[in-house]
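This report considers a predicted protein–RNA model. The sequence and the structure are shown first, and the description follows.

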Amino acid sequence: MKTTLTEILTDALERARQDGSLLLDPLPDIQLDVPKDPRFGDVATNLAMVLAGSLKQPPRQIAAVLIDHIPEANGLIDRCEIAGPGFINFFLKEDYWLRILQEILDQGEAYGRSQRGKGAAVLLEFVSANPTGPLHIGHGRGAVVGDALARILDAAGYKVTREFYINDAGRQLRVLGRSVWLRYRRLFDSLVPFPEEEVYPGDYVIEIAEGIRDREGDRYLSLPEEEVLPHFADLAAGEILQGITHDLKEIGVHFDHFYSERSLYEQGKVRECIEVLEEKELLFHEENGACVLRTSGLGDDKDRVLIKGNGDYTYFASDIAYHREKMERGFDRLINIWGADHHGYVPRMQSAMRAFGYDARTLQVLLIQMVNLLREGKPVRMGKRSGEFVTLAEVVEEVGADVARYFFLLRRYDSHLDFDLDLAKTQSNENPVYYVQYAHARICSVFKQAEEKGFPLDRVAQAPLDRLNLPEERELIKLLGSFPDVVEGAADAMEPHRIPFYLQELASRLHAYYFKHRILSEDVEKSLARLCLIGAVRSVIHNALQLVGVSAPESM
RNA sequence: GCGCCCAUAGCUCAGUUGGAUAGAGCGUUGGACUACGAAUCCAAAGGUCGCAGGUUCGAAUCCUGCUGGGCGCACCA
């Protein structure tokens with residue numbers, strides 16, 4: 001809708017320029033609004049007010065000129081009004097809305113999809129949790145936001161690849177190996193010390209050690225530590241990663257690739273990356289042998305070490321190699337989803353992009369704020385080191401995947417989230433998930449009812465849609481008509497939470513309409529038309545729920 | 001000390017990229033089932049958009065400075 005109106009306005013501007021009534025150069029961007037108040041029309045633009053400054057004419061006068069240049073036979077606009085300081089309000093032709101309704105019915109699951117992204121290839125990296133322990137609730141939020149964003153971008157015409165980066169090199173993994181090794185030895189000798197401060201204390205480490213003992217007995221006790229530790233580390237990481245993918249699957253999140261950090265080293269990508277930077281003369285070496293990237297000249301506040309004095313690579317080294325690798329795989333855009341506590345890392349990552357000659361804006365980082373888990377109104381203490389660790393899997397088990405997902409998406413990703421376990425578990429009107437799902441189930445129920453009562457459902461496609469002339473019906477159709485704009489907006493801004501908010505409003509309008517007006521009546525033609533309307537609502541609710549990965553049940 | 005994020009109704013939060021009278025859910029109060037699902041609906045009360053300046057036709061939104069909260073500032077990950 002907005003796009004066709006934009007064309008009409010651009011055309012009007014062009015005509016006005018050619019006949020000299022408006023001295024435009026260049027043509028301005030056209031901004032369209034859907035006014036909150038229906039009295040201000042179906043769509044409005046502030047165009048005249050924007051132009052007032054440069055044209056040095058009163059906005060209302062410019063608006064009048066513009067309206068004069070809109071052709072009569074545009075097929076869309078019924079009438080225009082100039083309002084307030086210079087808004088142009090457009091009232092669209094009655095049958096336009098019926099065409100929209102027909103379009104929704106025709107398109108079905110495709111309604112809401114667009115070519116906004118023009119097929120641009122996007123690499124969306126998210127979760128990327130270290131394989132050293134189970135996912136917690138914060139990971140869950142990142143996972144669900146990332147997954148929903150992937151679905152939304154896909155619907156908006158981007159080619160999305162979902163990737164999980166595995167930190168399977170470096171110190172944390174060595175610590176994991178040592179943790180398992182100590183637990184393993186303790187299974188045979190309880191006197192072996194277990195320094196909780198230096199290793200991972202979680203019970204899952206014991207379980208991994210027990211697994212090794214059950215399968216292979218005590219044979220590792222006699223082997224030298226240097227041999228056992230890397231093996232245990234790999235074994236444990238593999239097992240934990242399997243658990244992670246399992247937990248992600250339980251909450252409906254999947255990945256196209258798992259990208260191994262270690263493979264970057266094994267394929268020489270890290271070294272290659274450093275050589276390239278060396279050629280670009282972006283590196284310098286300190287007295288102790290450390291190798292440093294001059295990020296300070298590229299937007300970061302200081303230079304960053306790539307190779308330490310002891311010869312070890314820093315994580316930053318493999319990270320930039322990874323991102324260079326992403327670009328070399330041909331992606332147009334990179335999106336990373338990180339916990340907000342990593343925000344200090346963003347400038348240096350973007351300076352690395354610049355170091356390789358890419359626009360820093362090619363990499364966008366979404367920082368997901370922390371999640372506060374509440375039970376009985378009190379925060380549940382989190383943290384890998386604390387005893388009462390609550391995993392994502394436990395939360396999903398407790399409240400279900402639909403609820404968990406919806407709760408994660410109910411807030412902007414950059415605001416703190418209180419996850420209230422008791423609220424999440426209530427199957428009542430306090431729980432926003434059911435409100436929306438109920439609307440869907442309710443419509444399904446009406447269709448079932450219509451079938452039982454013998455309404456000629458095979459004639460629904462020929463229903464006289466012009467019988468839908470109530471204000472509530474008109475508003476409902478308008479809301480349905482804005483769905484593609486909502487999806488595009490969510491994709492542009494990378495803000496999945498817009499979908500649940502849209503759903504809330506749509507469900508609310510549906511419930512109100514349903515309560516006030518009977519769908520099935522003696523007037524068969526009208527009943528069929530109304531079935532078309534609620535059928536379209538059902539379809540859009542279904543599509544929107546699909547975008548956030550929440551199920552649309554036919555009965556509850 | 002420096003940097004980033006946040007501050008909107010009693011609570012939790014939206015606010016269409018600077019637009020018209022600032023919205024929703026929950027909670028509170030009062031009402032609505034002999035008809036398609038009451039997990040629903042209708043109505044009311046509730047606001048100095050943290051504070052003070054600035055930018056302009058117009059600011060919750062943009063710029064500056066404060067106040068208060070969160071998080072970062074490694075040759076850690």
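R530 lies in helix α20; helices (H or I, at least four residues) and strands (E, at least two) are DSSP runs, numbered from the N terminus. At 7% relative accessibility, R530 counts as buried, where buried means under 20% relative accessible area, exposed over 50%, and partly exposed in between (1.4 Å probe, protein chains only). Neighbours within four places in sequence aside, R530 is in contact with L468, L470, E473, Y513, H517, R518 and I519. Contact here means heavy atoms within 4.5 Å.

The model is predicted: local features need pLDDT of at least 70, side-chain atom pairs count only at pLDDT 80 or more, and totals for chains, interfaces and linings use all residues. Residues are numbered from 1 along each chain as its sequence is written, chains are lettered from A and ligands numbered from 1 in the order in which they are written, and side-chain values use heavy atoms, with hydrogens and water left out.

Helix α20 also holds N543, a buried residue with a relative accessible area of 8%. With neighbours within four places in sequence set aside, the contacts of N543 are G108, E109, Y111 and F483. The side chain of N543 reaches the backbone oxygen of G108 at 3.0 Å and the backbone oxygen of Y111 at 3.0 Å. A polar contact is a pair of N or O atoms within 3.5 Å; within protein, one must be able to donate a hydrogen and the other to accept it, and residues adjacent in sequence count only if both atoms are side-chain atoms.

The nonpolar interior comes next. A nonpolar core is a set of buried Ala, Val, Leu, Ile, Met, Phe, Trp, Tyr and Cys residues joined through side-chain atoms within 4.5 Å. The largest such core has 151 residues, and F408 and F419 touch the most other members. Helix α20 (residues 524-548) gives the most to this core, with 14 residues. At least three residues of this core come from each of domain 1 (2-92) and domain 2 (429-547); these domain bounds come from an automatic or database domain assignment. The centres of domain 1 and domain 2, taken over C-alpha atoms, are separated by 32 Å. Five residues from domain 1 and four residues from domain 2 make up the contact.

Sugar and phosphate account for 61% of the atoms of RNA strand B that come within 4 Å of the protein.

| Residue and its atom | Atom of RNA strand B | Distance |
|---|---|---|
| R442, side-chain N or O | phosphate oxygen | 2.5 Å |
| H497, side-chain N or O | phosphate oxygen | 3.2 Å |
| M556, backbone N or O | base oxygen | 3.3 Å |

Two or more residues of the surface near RNA strand B come from each of β4 (87-92), α6 (171-188), α16 (432-452) and α19 (498-516). Helix α16 gives the most to this surface, with eight residues. By residue class, the surface near RNA strand B divides into 25 nonpolar, 21 polar and 14 charged residues. Ala, Val, Leu, Ile, Met, Phe, Trp, Tyr, Cys and Pro count as nonpolar, Asp, Glu, Lys and Arg as charged, and the others, Gly among them, as polar.

Terms used. A residue is near a molecule or strand if one of its heavy atoms lies within 4 Å of it.
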